[in-house]
Amino acid sequence: MALLQISEPGQSAAPHQHNLAAGIDLGTTNSLVATVRSGLAETLPDNEGHHLLPSIVHYAKDAAPQVGYAAKAQANIDPLNTIASVKRLMGRGLKDVKTTGTRLPYDFVENEDQGMPMIRTVVGDRSPVQISADILNTLKQRAEKTLGGELTGVVITVPAYFDEAQRQATKDAATLAGLNVLRLLNEPTAAAVAYGLDKSAEGVHAIYDLGGGTFDISILRLQRGVFEVMATAGNSALGGDDFDRAIAQWIMQQAGIADDAEHSHIRELLDIARTAKETLSTNESAPLEIRLEEGSVWQGELSNDQFNQLIDPLIQKTIAPCRRTLRDAGLSTDDINEVVMVGGSTRMPRVREKIGDFFKRTPHVDIDPDKVVAIGAAIQADILAGNKPDDDMLLLDVIPLSLGIETMGGLVEKIIPRNTTIPVARGQDFTTFKDGQTAMAIHVVQGERELVMDCRSLARFELRGIPPMVAGAGRIRVSYQVDADGLLSVSAKEETSGVHSQITVKPSYGLQDNEIERMLKESLEYAEEDVATRTLREQQVEADRVINALRAALKADGQVLLKQHEFLEINTALEDLLKVEQGNDADAIKNAIERINDVTQEFAARRMDASIHQAMKGHRLNDFAENE
Amino acid sequence: MALSLTEKAANHVQKTITNRGKGIGLRLGVKTSGCSGMAYVMEFADKVDEQDQIFESQGIKIFVDPKSLIYIDGTELDYVREGLNEGFQFNNPNTKNSCGCGESFNV
């Protein structure tokens, strides 16, 4: 007998046509799967009632891999075949991996030309993608058993920090596990959705996510029910694991355990450290008991004060990115309405206290910080699978290729990077390049390459009526807005005069999946070439600017302020720059510019003196004093 | 005759409506589809339709259109757990046979 769930009005599915969807939080330490049933999003437990699935896989000969608690139990017994925190290795090279932690207790296959780090286990070499797929597969089976059918699709969350390679690795793992990925969703966005921030009043919110292995801080602005990601920052290698390590190291010092202890022993210490950390969330102190290798036992105690001393430097490491995102978003802590805490590590009272102090408000902790991301993903998955009426349709979609603007030298300045969720609005200030410039051509392009000629041209328009000013004085705000349907509108406004102009385009029009893929591939293939070209073009643009400025200065003051031989020297340097400017040698242009800077220093100083002199002429000293 | 809910079903309906933040009750009905003729419809009710028959059971209002009522009159709605899966079950006295999965039925 099939069991039914309540649907939204008019959304009842035909029999056997349910769109079963789930949200998956593929975490460093723990993973979860959640789904929406009868309008209620909840995480799904396993047979024993555990919601969390430890992201640990144990491989044994001639047996299916064990995942979760069963694997965790093997960690101390068979450490080399028990892989934890594999998310840290996703999409990373072996070299990156070596810098993330000196004591990753696995046997890496030493093969430098292999892009992906491979771990040697009894069942052969396993890649992080394969290991993640084993975790995803376990969650998939749990969801399908619970929902009584095959999953139509899933939303998997990734840290906002994940780069292209890491996102692709996550997708590959899902494909390997036989999952259809509806979307990868940034974890902070999922948390915001879980808290229903999209339904609340307008405001600016900070999402502080300190998980097992990653830290993210995101500033989201909510306007008319629409999110704008104002800024994000973080540290993809900082989390609860590091707190455990700090405690474990302290224990090793106290108990006199050598740094080169056995893998299994270190693992045991980390477990003890983690237990102590969890105990201290509710208690004043935590007892410690360590089995030493000689068979004796060391006993000690970790007090709350000592614990705070150990972890404060780590918490401090999260404050700097918080400050940076605020600065990026042009905000102060007073502008933040709500602070949302995500990730198991935010259960530590010290973290809540410190972050509360920094943002000057009590953070939100209502939803279980371990589950909040999975719940948000489930809500999003439910919508994407088509189980909601259209007017409830969210918000979040992503831009397949970056949207940018042409700047001097045929270069592309990216305004909205690819994979940004839409709707989105981003703006950037530009300035005039020449003295008395009254118009600006705006060329909207899409693509990942550095040069306009290698990207897709979407639209061109002009901003006219800029009042004549010296180069660099104009302030032109160019804003890109992409609405929920993927429609892009670009507007440009000169701030001092208020003149503005705008245009609407549909960026993804005519772009097929394979074309997007080709453009992405090219951007990687030509990455080095692009960087070199960019450097050259940048030097050429800089040269142009210097030439223009110098010519104007020479014309105005050259005769008055310079002696004959000085004038000639500067002129020679100018001629030299003109000669190399159109060449292909970025270094030569750079040197020529530097040479001009050197020989014109005295000239610039004299011009400054002259203009100050000019400004002060006819005033008495008292005039200036009174003004202060 | 009438429609009714078990206490467990009523509790779950109340919980989901509260969580959803709106809704005046539960709408039950049938539609013609599925592998064995009819399929149950179970939705949140946001408004009353003109011909609606309204029942109340365990404090929950149940709305049903008269045509559907013929097929499900006397049904008791239960909320059950089967292993990891849980959900609503129609105990419908009118059912002659249903398809293997029970999602559709015949009267």
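Predicted model: local features only at pLDDT ≥ 70, side-chain atom pairs only at ≥ 80, totals over all residues.
Helix α14 of chain A covers residues 586-599, which is 14 residues.

The buried residues of α14(A) are A586(A), I589(A), A592(A), I593(A), I596(A) and V599(A). Viewed down the axis of α14(A), these buried residues fall within an arc of 160°, and therefore they line one face of the helix. The cover over them includes three other helices of chain A: α12 (527-561), α13 (564-581) and α15 (601-616).

The face turned away from this buried side carries the exposed residues D587(A) and D598(A).

## Nonpolar cores

The largest nonpolar core has 49 residues. Those with the most contacts inside this core are Y208(A), L302(A), I355(A) and F359(A). Helix α8 of chain A, residues 304-329, gives the most to the core, with 9 residues.

L302(A) shows what such a position looks like in detail. Apart from neighbours within four places in sequence, L302(A) is in contact with several residues, including I247(A), W250(A), A276(A), L280(A), F307(A) and L310(A). A second core of 39 residues is separate, and V33(A), A71(A), Y106(A) and L184(A) are among its members.

Most residues other than glycine have a negative phi. Which phi value does S38(A) have? Phi of S38(A) is near 50°, a positive value. S38(A) lies in the loop between β2 (30-37) and β3 (40-43) of chain A, and S38(A) is buried, with a relative accessible area of 2%.

S85(A) also has a positive phi near 50°. The loop that holds S85(A) runs between β7 (82-84) and α2 (94-100) of chain A. S85(A) has a relative accessible area of 16%, and as buried means under 20%, S85(A) counts as buried.

## The chain as a whole

Chain A has 16 helices and 27 strands. Of its 628 residues, 49% count as buried. The chain exposes about 29,700 Å², of which carbon and sulfur atoms supply 47%.

Among contacts between residues at least 6 apart in sequence, 65% join residues at least 24 apart.

Conventions
Residues numbered from 1 in each chain as written. Chains lettered and ligands numbered in written order. Heavy atoms only, no water. Helix = DSSP H or I, 4+ residues; strand = E, 2+ residues; numbered from the N terminus. Expected span 1.5 Å × (residues − 1). Buried < 20%, exposed > 50% of the residue type's maximum accessible area, 1.4 Å probe, protein only. Arc of directions from axis to C-beta. Contact = heavy atoms within 4.5 Å. Core = buried A, V, L, I, M, F, W, Y, C linked by side-chain atoms within 4.5 Å. Areas by Shrake-Rupley, 256 points an atom, 1.4 Å probe, with all protein chains shown as cover.
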